[in-house]
Amino acid sequence: MAVVHTLLAVCVNLLLVSLGLAHHTGAMDSGIRYGGPHSTSAKIEFGHFDAKKHTRTSRQTPPENVNQTVFDHHDYYTSTFFAPGPAADALWRDLSQETGVEEVDQSGISDLHLVYEVRPLPFEFPIYGHTISNIGVTTSGFLYTGTIFHELIHLTQYIAPLQANFNPSLNDSSRIFVLSTSERFTVQWDDVHSHDHVEAGTFSFQVSLFPSGEIHFVYRQMPLLVSEISDTGHPVEVGLADSFYIFGFLSVTIFEYSRIQLSAADNLTNSAYVISPVLNCVTASSCNECSQITATSNFTCGWCDSLERCSDGIDRQRQEWVTSGCSTSNVTQCSTATDSPTGTGGPTTSSATGVVTDQLGAGDNGASEGLASGTIAGIAVGVVVLLLLAALVLLVLAVLLYGYRNPESGIGLKMIEHRPKAWSLQKDKSASYDVTTGKMKLEEEQ
């Protein structure tokens, strides 16, 4: 079995390398493993492409005066930071003092470390334009927004008011509260210790999600500056991140395409962020809407008629976009009379009415089609597995045939010894092997 796994790994890696892709080698994996209801047994890999060219990463530049409101734009979202004051105070809703709030306690995860549980959302929540109906609530100050639950959920696809190495089990008064209504979904980490800074005191903060896609990060008790929190035992993040999956035969490779790192202030005590979604390609439901987003945003969107979907080629549905041929058959402008594409697809062009050039670049060492490698690798690995199984079956048949024709051999003797009772060489007769003569002997049944 180890040989088979090795062959599969070699085949997949060769394909990924040939297509301009590779797996991360340790940089993404700090050895942290989350416990929870994992929904996949597939091997999780983290892939990368030209991050400088393609990954939209935005980090705020802290202002000189943090006692102000700071606005920033991050392509998919805008953020507004509120320094301590009435505006930030109005956003705080202390769940520890409210009734009708669910407490995640001994029966849940509040008394554990590095775990999560999956919660149903009270509404379809849009994240990066895609809607989700379930979310992972963790002990470490963040929500997991992916659709595949695994033990490395802290690395990407998160909403993090403050992701760090929090350990509720260190303090009997630590709680994780959840308020779930048709108007909001709020999680509050209350009176929790950092596993690496127990002596510093406890943290209290919350995140709220709204049906519109708006997100609030609100902070109360923050005994340390963000820059003072150790990232040795766990990454420290304030912001959002999203990725897409490439499904292979025995593995899932995750490619991060956006990371928003909020750093308007280092001291978050009594402050707040309001994060608002921006219309992007995925949010368009028609060809005309798709064209309008291109005209009014930083996105270059294309409409794929076969999927009836708008995209710039980099979102959660990337693999389907490429394997369906949409990377070369989408259009940027549509007929206003019929709301249908003005063209029928074809080679990638740069004209206004042509198709959107794949956002990964057709000449980027094959990476344009490389992100569809999960499908290609899956087919190739599937063929390898079928060939190995066929070879195994032929080997077994050859062994059985040899034992049948050579009953005096060790294999033949084993076959005779373990033959089913239904085997017989002649009706009402049974066969046995005479070791003295080296011949088969037939005996009448009594």
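Accessible areas in this tour come from the Shrake-Rupley method with a 1.4 Å probe, and for residues only the protein chains shown count as cover. On that basis the protein has an accessible surface of about 21,100 Å², of which 55% belongs to carbon and sulfur atoms. The structure is a predicted model, in which local features need pLDDT of at least 70 and side-chain atom pairs count only at pLDDT 80 or more, while totals for chains, interfaces and linings use all residues. Residues are numbered from 1 along each chain as its sequence is written, and side-chain values use heavy atoms, with hydrogens and water left out.

**The whole chain**

Begin with the protein in cartoon view, where there are eight helices and 21 strands; these are DSSP runs numbered from the N terminus, helices being H or I runs of at least four residues and strands being E runs of at least two. Of the 446 residues, 48% are buried, a word that here means under 20% relative accessible area, with exposed meaning over 50% and partly exposed in between (1.4 Å probe, protein chains only). Among contacts with a separation of 6 or more, 61% are between residues 24 or more positions apart, a contact being heavy atoms within 4.5 Å.

**The nonpolar cores**

Next, select Ile 159, Leu 209, Ile 215, Phe 217 and Tyr 273, which touch the most other members of the largest nonpolar core, a group of 62 residues. A nonpolar core is a set of buried Ala, Val, Leu, Ile, Met, Phe, Trp, Tyr and Cys residues joined through side-chain atoms within 4.5 Å. Centre the view on Leu 209 and, leaving aside residues up to four places away in sequence, look for its contacts, which include Leu 121, Phe 123, Phe 125, Ile 135, Leu 143, Ile 159 and Phe 185, together with Glu 183, Arg 184 and Glu 214. Then move to a second, separate core of 19 residues, where Ile 44, Phe 142, Tyr 144 and Leu 155 are among the members.

**The disulfides**

Now show the cysteine side chains: there are four disulfides, each a pair of cysteine sulfur atoms within 2.5 Å. With the bonded cysteines numbered in sequence order, the pairing reads 1-4, 2-8, 3-6, 5-7.

Select Cys 281 and Cys 301, whose disulfide has an S to S distance of 2.0 Å and is left-handed, with -80° about the S-S bond. Cys 281 sits in the loop between strand S17 (272-277) and helix H4 (287-296), and Cys 301 in the loop between H4 and strand S18 (302-304), 20 residues apart. Cys 281 is buried at 2% relative accessible area, and Cys 301 is buried at 0%.

Move on to Cys 287 and Cys 334, a disulfide with the sulfur atoms 1.4 Å apart. The torsion about this S-S bond is about -65°, so the link is left-handed. Because Cys 287 lies in helix H4 and Cys 334 in the loop between helix H5 (318-323) and helix H6 (367-370), the pair ties together parts that are 47 residues apart in sequence. Cys 287 is buried, at 1%, as is Cys 334, at 11%.

Finish with Cys 290 and Cys 310, a disulfide with its sulfur atoms 2.0 Å apart and a right-handed link, with 75° about the S-S bond. Cys 290 is in helix H4 and Cys 310 in strand S19 (residues 309-311), 20 residues apart. Relative accessible area is 1% for the buried Cys 290 and 2% for Cys 310, which is also buried.
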